[in-house]
Amino acid sequence: MRKLILEKRMNLTVENILLVGSILLFISIIVGKTSYKFGVPTLLLFLAIGMLAGSDGIGGIYFDNPQIAQFIGVISLNFILFSGGLDTNWDSVKPVLKEGLVLSTFGVLLTALSLGTFVWYVTDFTIYESMLLGSIVSSTDAAAVFSILRSKSLALRTNLRPTLELESGSNDPMAYVLTIAFLTLVINQDQNIYSIIPLFFQQMILGGIAGFGFGKLSKLIINNLKLDFEGLYPVLVIALTFITFSATDFVGGNGFLAIYICSVYLGNQDLIHKKTILKFFDGQAWLMQIALFLTLGLLVTPSQVIPYFGIGLLISLFLIVVSRPFSVFVSLMFFKMKLRRRLYISWVGLRGAVPIVFATYPLLAGIDKANMIFNIVFFISVTSVIIQGTTISVVAKWLNVALPEENKSMNETDKLILELPKSSLQEFEITPDFHAVNKRIVDLHFPKSAFIIMIKRNGKYIRPVGSTEIEANDVLMVLADSQEDFTNVEKKLQMPITT
C-alpha cells in the first residue's frame with residue numbers, strides 16, 4: 001500500500017509538473033506581493049509554500065531527490081549571481097571594495113571556523129563534520145534583506161548599502177570552497193587539513209582570472225555578433241553565463257566567483273541592448289529565486305526538522321549573536337568605521353537559500369550525519385530569516401544608520417521613471433568628416449546621462465539601438481542633463497574614439 005501511494009504521488013508530480021509548478025509559482029507571486037505590505041521576507045513565504053505543498057503538507061507532493069534539488073539550486077544561483085553582478089554599480093562599490101572583499105573572504109572563514117568550533121563543543125560531531133556545518137552556513141544572502149528595505153522605503157547612509165551588496169554578492173564562492181574542502185576531509189579522514197589550502201587558492205585564483213577573461217570575451221561577442229532579433233541577445237548572454245560557469249569549473253576554478261566577476265564587468269560596460277538584457281535577467285532572477293525556494297521547501301520534511309529544534313536554535317542564536325559579529329568586527333578592525341555601522345553589518349548576516357543548497361552536497365556524498373546537517377542548516381536559515389529578516393528596518397533606525405525621510409535618494413524604479421525627461425534636447429548634424437561616421441553607438445562611449453533618442457536620416461526617423469551605425473548627414477537628437485554632457489557628446493562625435 002505504501003509503495004502504491006508513493007508511486008501515485010510520483011506520477012502526479014511528473015505528469016502534472018507544469019500544472020503544479022505554475023500554480024505554485026502563481027501563489028508565490030501573489031503571496032510575495034502581500035508580504036511587502038507586512039514586511040515579511042519573501043524567502044520565508046516561498047519556503048513555506050513549498051513545505052505546505054510537500055509530503056507533510058496539504059499538497060502531498062512527494063519529492064525526495066537531493067540531486068535534482070542541487071541541480072536546480074546551481075542553475076538558480078547562476079542566474080541570481082549574474083543578475084546581482086549586472087546591477088552592481090562599480091562607482092558605488094569602488095570606495096568600499098576592500099571592506100567588502102575582506103568580509104566576503106576572511107569574514108566568511110572566521111564565521112565558519114568559530115561556528116564550527118561551537119558545534120564541535122555542543123554536539124557529538126567530529127571536528128571536520130562541525131567545520132563542514134559551519135562552512136555551509138558561513139555566507140549571507142541579501143535578497144530578502146533588500147526586499148524588506150524596499151517594502152519599508154528604508155534607505156541606508158553612505159556606503160553602507162554598497163558594502164552589504166558587495167559582501168552578499170561575492171561571499172558565496174568562499175563558502176562553497178570551504179564546504180567542498182571540509183566535505184573532502186570528512187570523506188577522507190586520513191587527509192591532512194593543510195591539503196585543502198592548494199584547493200582554496202586554485203579555486204579562487206582560477207575563478208577570478210576566468211571571470212575577468214570571460215567578461216572581456218563576452219563583451220566582444222555581445223557587441224560584435226550581429227543578431228537579427230533583439231530578443232536573442234538575452235539568450236546569447238545566458239549561453240555565455242553557463243559557458244563561463246562550466247568552463248571555469250572544468251579547469252578547477254570557482255564557477256560562482258567567475259560568474260559574479262564576469263557580470264560585474266559586463267554591468268559596467270557599454271553593451272548593445274543593455275536595457276533589454278538587464279530587464280530580462282532581473283525577471284529571471286526572481287523566477288529562479290521562487291523556483292529555488294519552492295524546490296527546497298518541497299525537499300524538506302518538516303517532521304524530520306522538528307527533532308532538531310533545540311540544537312538548531314542554539315546554533316542559530318550563536319551564529320547571530322556571537323559568530324557573525326565576531327567575524328565582522330575582526331575583519332573590519334583595520335578599517336575606519338563607526339561602531340553603529342559595524343553593528344548593523346553584523347546584524348545583516350541573513351542566511352538564505354544558498355546554505356540549504358550547499359547542504360545537499362553532504363546528502364549526495366552519503367556521509368553519516370548528512371540528514372542531520374541538512375535539517376539543522378534548514379532550521380538555521382529559517383530562524384535567521386525570522387529573527388534578523390523581520391527586524392532589519394527596526395535595527396537600522398535604532399542604530400541611526402537609516403536616512404531621514406527627506407534625504408532618501410531615488411530608488412531604481414524612480415530613476416527609470418525619471419530617466420527620459422532631461423534638462424534639454426539638442427540636435428547634432430553628422431558631417432562626412434566626423435569620426436563617428438560608420439561607427440556604432442555602443443562604441444562611441446557617450447556620457448551615461450546622455451541619450452540619442454532619435455536619428456533623422458534621409459527624411460525618415462529611426463529609433464536607435466546600441467548596434468545602430470552613424471552615417472554621414474545623420475541628424476542626432478540627443479537628450480542630456482547638462483551643457484557639459486552636450487560638450488562631451490560633441491567631442492565623442494568629432495574626435496577620434498579612444499577606449
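Trainee: In which hand of crossing does α11 pass α12?
Mentor: A crossing is left-handed if the near helix is turned anticlockwise from the far one by less than a right angle, and right-handed if clockwise. Here α11 passes α12 in a right-handed crossing. Before we go on: this is a predicted model, where local features need pLDDT of at least 70, side-chain atom pairs count only at pLDDT 80 or more, and totals for chains, interfaces and linings use all residues. Residues are numbered from 1 along each chain as its sequence is written, and side-chain values use heavy atoms, leaving out hydrogens and water.

Trainee: Which residues of α11 and α12 make the contact?
Mentor: Contact means heavy atoms within 4.5 Å. On α11, the residues include L206, A210 and F214; on α12, Y233, L236 and L240 are among them.

Trainee: At roughly what angle do the axes of α11 and α12 cross?
Mentor: Axes are lines fitted to C-alpha atoms, for helices over the stretch in contact, and angles run from 0 to 180 degrees between N-to-C directions. These two cross at roughly 155° and come within 10 Å. Angles over 145 degrees count as roughly antiparallel, so that's what α11 and α12 are to each other.

Trainee: How many residues of β4 are buried?
Mentor: Buried means under 20% relative accessible area, with a 1.4 Å probe and protein chains only. Six of the six in β4 (residues 475-480) qualify, so the strand is largely enclosed by the rest of the structure. V475, M477 and L479 lie on one side, with L476, V478 and A480 on the other.

Conventions:
Helices (H or I, at least four residues) and strands (E, at least two) are DSSP runs, numbered from the N terminus. Angles under 35 degrees count as roughly parallel, over 145 as roughly antiparallel, 65 to 115 as roughly perpendicular and the rest as oblique. Buried means under 20% relative accessible area, exposed over 50%, partly exposed in between (1.4 Å probe, protein chains only).
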